[in-house]
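Please open the structure in a viewer and keep the selection tool at hand.

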Amino acid sequence: MQRAIGDARVALAFHAPPAAAAELAELELAVAVLGGRDPTLGDVRGRHHVLRDGGLVVLDALVEPGAEAAAGAALARRVVELPRTLTPARLEAARAAVCADHAFQRETVQGVARELGWRLCTFGDVDVGEGGGRLTGLGRDQVLAAAARTLLPERASVVAVTPRRVTARGAAGRSLLARLPRRRPIAPAVVAAPVVAAAAPTKPRPAPSTAPPIVREVLGNGLTVIIKPDPTVPVVAMRAMWQGGSRLEDATTSGTTSLLATMLVRGCGRLDADALEAAVDGLGGALGAVAGRNSLALRAEWSSQTWERGLELLAGCVAAPRFDAAELRRQRRAQLDQLALEDTYPTHVAFRTFAEALYAQHPYRLRPLGDPTVVAGLDRATLARTYRDRYPRSAMTLAIVGDVDPARALALVEAHLGAASPPPPPPPTIALEAFDAQPSATREVYRYLDRQQASVVVGFPGTTLGASDRFAVEALVQLLGGHSGRLFAELRERQGLAYQVSMYGADGLDPGYLAVYVACAPANADRVVALVRAELERVVAEGVAADEVERARRRLVGGHQLALQRRAAIASALAYHDVHGLGWQEWSRYPAHLAAVTTAEVTAAARRYLRWDRAVVAVVRPPSATPGAARRTQPRTGKRR
């Protein structure tokens, strides 16, 4: 098939046994081994679709246009060579990954409901599972036998989706099929297994009558450790966090923290990037990092069987990141590519234009991924120096949540991360933005992007993380911008002017912002701005109603409680509140804080923040020759487009 796409994707698919077959767990392990990194294809996705009357096994990869036939052959070779590649280590890594997937599925009520609904629709019985309970007892021969019955290259279906510009490359379909290997993956003498229902997976453990206490300890080197044991699901989440982020950058260092975050998890100690990735995959876990406006964090998730080794890998990234030169070149190039891609998205361009107009001097005006010129010049020495000077272990909080013994976890953290650390760096001196001093001429800004829609941002200076009115501001944002909020009802339901309406509140260690975002037809942009202004001014003049505040409160609390089903979300909240000086206990007090918000406080927040003399209007629209729009295009942040 030809489509208007940039790269090609090739897929190899096989008919799989129906849901009632006995070998579903074996195939799940085989597919987990067949997916992953390939020396010629890069990342290969492996999926096993289990259906009532017969399923599918699919392997696919993203490839360069013109390489479709070679990619199809390479995918088939992965199947043919399974007996060679299915080593004991690879089998255990696949088992860990599949077991972790089952555990993560059971973390949330949505995941449990999805699993129960799938069982009922597929098997007709919620007590019959997909074979997850049999995973621990399966050996190599059983997995290969199941593969021999199902993954036959001569019976494969092959699909290539290619860019339209490569349609003249010859008989692509015939070429794909002609190059497929014809050997079976193992000797065909294996007899078929009887068709019986698979055993049910291990059920989640019931919650204890009382939650174990949370442990918080400060090690001798200053590192803060918070451990929340939770044995109800065999999952362990970890967050290592520092204050920092792009708030500590300026025009000459913009993007340093983002690239630093990436490099922290691209090799540590004796493990280069590929070896570290293989080690994480072998544990069935996940390891990553993120740089925000106010913080830098490493995040990890493991099963309860692999978390100790997972903690060792996370600690290695904290204590001994490699910053390898070749990997740095790859990740720097990827960050530059992402920055270029952002320039094509109207929403990104609109919010960037808004931030640059709202903040004349403060670092919050900077792009989270940085300035391309700065990023292109970042080297190993700069990243290593930034990490050493700004992010010592003495300034770090590590939160661990899940199926762990607190004493054991604390001992391991001490062993891996308890070495001496330099003291925390002094608090940075960051001048607050003088919002009232900005001239009105800079508050209405345009950018031009050749797209079929306009993106409108109307925003104001906002509040801070520790402000007493931050919960009233959250309620205000929800009642205005939620799906049943005032702006949504006016712009989308009554006027029919908008494709998308939302409102955001971004607080920070320094004042953040409140912003209304609207996607609309270019011809409607000016009218949208006028209606947003009219609605916000009506809120300021008339205030809000008690029933609006109550609906907003219920939506916020409900969303908060759903989010905190994940151990990863709790670990993040614990570390976030602790490292920013809000008190680690705050993660659980959100509903109480919202319950205390009054209608008068929400009205007061509207009058305090929705001030049109401080408003910034940023519009991204298709190129226009309108003289008024051209005059209002802000020149100081780049060329007019």
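A residue counts as buried when its relative accessible area is under 20%. The model on display is predicted.

Begin by selecting Tyr391, which is buried because its relative accessibility is 2%. Across the whole structure, a search finds 11 aromatic pairs. In the pair of Trp242 and Tyr391, the ring centres are 5.8 Å apart and the planes stand at 75 degrees, so the arrangement is edge-to-face. Trp242 belongs to strand E9, whereas Tyr391 sits in the loop between helix H14 and strand E12, so the pair ties together parts 149 residues apart in sequence. Now extend the selection to Phe323 and Tyr387, which form one aromatic cluster with Trp242 and Tyr391.

Next, select Phe354 and Tyr513. Their aromatic pair is edge-to-face, at 5.3 Å centre to centre and 80 degrees between the planes. Phe354 lies in helix H12 and Tyr513 in strand E16, so this pair links parts that are 159 residues apart in sequence. Phe354 is buried at 1% relative accessibility, and Tyr513 is buried at 17%.

Then turn to Arg293, found over the face of Tyr364 at 4.0 Å from the ring centre.

Finally, select helix H16 (residues 470–481) and helix H22 (residues 599–609), whose axes are 8 Å apart at an angle of about 85 degrees. The two helices are therefore roughly perpendicular. The contact residues comprise nine nonpolar, no polar and one charged. Among them are Leu476 and Leu479 in H16, and Glu601 and Tyr609 in H22.

How values were computed. Residues are numbered from 1 along each chain as its sequence is written. This is a predicted model: local features need pLDDT of at least 70, side-chain atom pairs count only at pLDDT 80 or more; totals for chains, interfaces and linings use all residues. Side-chain values use heavy atoms; hydrogens and water are left out. Axes are lines fitted to C-alpha atoms, for helices over the stretch in contact, and angles run from 0 to 180 degrees between N-to-C directions. Helices (H or I, at least four residues) and strands (E, at least two) are DSSP runs, numbered from the N terminus. Angles under 35 degrees count as roughly parallel, over 145 as roughly antiparallel, 65 to 115 as roughly perpendicular and the rest as oblique. Contact means heavy atoms within 4.5 Å. Ala, Val, Leu, Ile, Met, Phe, Trp, Tyr, Cys and Pro count as nonpolar, Asp, Glu, Lys and Arg as charged, and the others, Gly among them, as polar. Rings of Phe, Tyr and Trp (its six-membered ring) pair if their centres lie within 6.5 Å; planes under 30 degrees apart count as stacked, over 60 as edge-to-face and the rest as tilted. Buried means under 20% relative accessible area, exposed over 50%, partly exposed in between (1.4 Å probe, protein chains only). A charge sits over a ring if NZ of Lys or CZ of Arg is within 6 Å of the ring centre and within 35 degrees of the ring normal.
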